[in-house]
Amino acid sequence: MASNYNKWIEIDLDIVRSNLQIVRSKLAEEVRLIAVVKADAYGHGAPAVAQVLYQEGVDFFAVSYLDEALRLRQAGLKASIMLFCPLICREDMMEAIENNLVISITSPEEASLLREAAARLNKMVRVHLKVETGLGRFGLTAEEALEVCRSLSENSCIYLEGIYTHMAHAVNRKYTEKQFSRFQQVIRRLEKEGFSLPVKHCANSAVFLLYPHMHLNAVRIGTLLSGQHPLLGDFNSHLSLKDPYKFKARVISVRTKEKGSYLGYFRTYRLKKESKVAVIPVGFVDGLALEIANPPLNWIDFLKMQIKRFLAYLDVPGFNLQVKINGSLYPVRGKVFMQMALVELPLEADVKAGDEVEIPVRKTLARPDVPRLYIREGEAGKLDFANKVTYLVEEG
Ligand SMILES: *Cc1c(COP(=O)(O)O)cnc(C)c1O
């Protein structure tokens, strides 16, 4: 079935499930888990990931935008879905209410829009207030939170269910505690005025790991479910999280080239010895060799970036670009093409056209039109492709 594709993404839903169990094992029973499945569940495919989490008993999800939530509703997800981002027009507000989404209010203007929309629809809507405590993104000030509570609590269709904030710099204890105490102050102030919002949350994955006292009664977890450790940026053995994602393709050509041959545009690479050269059907259009590059934070950061590039230039494993074929790693050579790339193999490597190759395409950059294969346990874990796959969800 998948032989029709020359590239595809494998998502192992059993790994998603085991990552969920690891998160739950660190969570007190009374604390709710809000599973964050924004950005297509961090590139894993939001409908399939949400479905498997839902089957495991997760009943509360969150995404950034309205279209992401609607996609999950269209896929049949019945659970609570919260929107993190503001809704800025009445039509969107109404669509969110009609689809039973949990709405974040981040400004007094949104509160007025919500009142109008709720009045028109006469339908119950659940609301969480988003408080700004130091991230510098969006959210209510303490004064605004009080004003919004007053204006929304008059409307019997609006249920003020929760209040939350988002932390900027979890590894910095002092700053995080400061944000936390600002958040607590807002809550106390509202409570003094008679408003109590039952669901309180401020922990993302990093805060969840570092500060158990900040779990309050709900946590918002995305990164850990994707198998990544937010603090190390990589896989963490003591938590035994795993990555459910693999980007795969089939080798489309293997040819032997003599020593001194140039590879690719601009002849940026010259073979140092006679080698085999494999062509893989993945290029920069697929996100290969693209990195997320924020401007350097300071000169040390700038130096670190340059050192990494230099190590890549020296072909130091872990810094250079490598792909995995039949269990071995091989370096990508020359400039990556738009839709292809070249891989150098030693002469003795037993690799031929049609062989499977695993490619380090960042999951959040992979194109949505690459088919996703969702793997579930229960099948003989053979290498035979068809046997391994219990179902395929093609999107788009
Ligand atoms: C993305 C996001 C999260 C989840 O963060 P992770 O570090 O991926 O767990 C939680 N809350 C908000 C508001 C977010 O935008």
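**Reading a predicted barrel and its ligand site**

Q: In this predicted model, what makes helix α2 the place of Asp40?
A: Helix α2 takes in residues 38-43, and Asp40 sits in that run. A helix needs at least four residues in a DSSP run, so the stretch 38-43 qualifies and Asp40 belongs to α2.

Q: Why is Asp40 called buried?
A: The relative accessible area of Asp40 is 17%. Buried means under 20%, so Asp40 gets the label.

Q: What stands out about the phi of Asp40?
A: Phi is near 55 degrees there, which is positive although the residue isn't a glycine. Most residues other than glycine have a negative phi.

Q: Where does Leu216 lie, and what is its phi near?
A: You'll find Leu216 in the loop that links α9 (205-210) and β9 (218-221). Its phi is near 50 degrees, again a positive value in a residue other than glycine.

Q: Why does Leu216 count as partly exposed?
A: Leu216 has 26% relative accessibility. Buried would be under 20% and exposed over 50%, so Leu216 is partly exposed.

Q: How do you know that β7 and β8 pair, and in which sense?
A: Strand β7 (residues 158-164) and strand β8 (residues 199-203) share 3 bridges, running parallel. One link to look up is Gly162, whose bridge partner in β8 is Val199.

Q: What do the strands β2 to β9 form?
A: They close into a barrel of 8 strands, in the order β2-β3-β4-β5-β6-β7-β8-β9, with parallel pairing. On average, neighbouring strands are turned by 30 degrees against each other, ignoring direction.

Q: Which strands does helix α4 touch?
A: Helix α4 (residues 66-74) packs on the sheet against β3 (60-63), β4 (80-83) and β5 (101-105). The direction of α4 makes about 165 degrees with that of β4. As for helix α6 (residues 108-121), it lies across β5, β6 (125-130) and β7, at about 145 degrees to β5.

Q: Which other residues are around the ligand?
A: Among them are Val36, Phe84, Arg137, His166, Asn204 and Arg220.

Definitions and conventions: Residues are numbered from 1 along each chain as its sequence is written. This is a predicted model: local features need pLDDT of at least 70, side-chain atom pairs count only at pLDDT 80 or more; totals for chains, interfaces and linings use all residues. Side-chain values use heavy atoms; hydrogens and water are left out. Two strands pair if DSSP finds at least two bridges between them. Helices (H or I, at least four residues) and strands (E, at least two) are DSSP runs, numbered from the N terminus. Axes are lines fitted to C-alpha atoms, for helices over the stretch in contact, and angles run from 0 to 180 degrees between N-to-C directions. Contact means heavy atoms within 4.5 Å. Buried means under 20% relative accessible area, exposed over 50%, partly exposed in between (1.4 Å probe, protein chains only). A residue is near a molecule or strand if one of its heavy atoms lies within 4 Å of it.
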